[in-house]
Amino acid sequence: MNSVRIIALVLIIGGALGLAYGGFSYTKEDHQAKIGPLDISVQEKQTVNIPMWVGIGAIVVGGALLLSPRS
């Protein structure tokens, strides 16, 4: 399998996952203060939303790459 087909499949799978889940979240740790041996930190939960048009676009581009003729 050549690299163009692999990229096309990754785009299609990534676009489908983006449409299914709509985003992902992660935890960001900020160090607010350090006083002697005492370390005060705050953990924030960040959410990244993936727009629907990005998922659809990835599927369309991946499908076009997969179906385009090669020489």
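Here are some questions and answers about this predicted model.

User: Happy to start simple: in what order do the elements of the protein chain run from the N terminus on?
Analyst: Good place to begin. The protein chain holds 2 helices and 2 strands. Read from the N terminus on, the order of these elements is α-β-β-α.

User: How many bridges join strand E1 to strand E2?
Analyst: Strand E1 covers residues 23-35 and strand E2 covers residues 38-49. The two form a hairpin with 2 residues between them, and they run antiparallel. Within this pairing, Asp30 stands opposite Val42. The number of bridges joining E1 to E2 is 12.

User: Which residue in the turn of that hairpin has a positive phi?
Analyst: Look at the turn of the hairpin that E1 and E2 form. A phi of about 60° is found there, and the residue that has it is Gly36.

User: Is Gln43 buried or exposed?
Analyst: Gln43 lies in strand E2. Leaving aside neighbours within four places in sequence, Gln43 is in contact with Thr27, Lys28 and Glu29. Its relative accessibility is 56%, and the cut-off for exposed is over 50%, so Gln43 counts as exposed.

User: What separates the C-alpha atoms of Gln43 and Arg70?
Analyst: Along the chain, Gln43 and Arg70 are 27 residues apart.

User: How does Leu9 count by its relative accessibility: buried, exposed or partly exposed?
Analyst: Leu9 is found in helix H1, which spans residues 3-21. Together with Met1, Ile6, Val10, Ile13, Leu17 and Tyr21, Leu9 forms a nonpolar patch on the surface, with about 780 Å² of accessible area together. Buried would need under 20% and exposed over 50%. Leu9 has 34% relative accessibility, so this residue counts as partly exposed.

User: What percentage of the 71 residues counts as buried?
Analyst: The accessible surface of the protein chain comes to about 5,600 Å², and 66% of it belongs to carbon and sulfur atoms. A residue counts as buried under 20% relative accessible area. Of the 71 residues, the share that counts as buried is 11%.

Technical notes: Residues are numbered from 1 along each chain as its sequence is written. This is a predicted model: local features need pLDDT of at least 70, side-chain atom pairs count only at pLDDT 80 or more; totals for chains, interfaces and linings use all residues. Side-chain values use heavy atoms; hydrogens and water are left out. Two strands pair if DSSP finds at least two bridges between them. Helices (H or I, at least four residues) and strands (E, at least two) are DSSP runs, numbered from the N terminus. Patches are made of residues with over 30% relative accessible area and no salt bridge: like charges are joined within 9 Å, nonpolar side chains (Val, Leu, Ile, Met, Phe, Trp, Tyr) within 5 Å. Accessible areas come from the Shrake-Rupley method with a 1.4 Å probe; for residues, only the protein chains shown count as cover. A salt bridge is a side-chain nitrogen of Lys or Arg within 4 Å of a carboxyl oxygen of Asp or Glu. Buried means under 20% relative accessible area, exposed over 50%, partly exposed in between (1.4 Å probe, protein chains only). Contact means heavy atoms within 4.5 Å.
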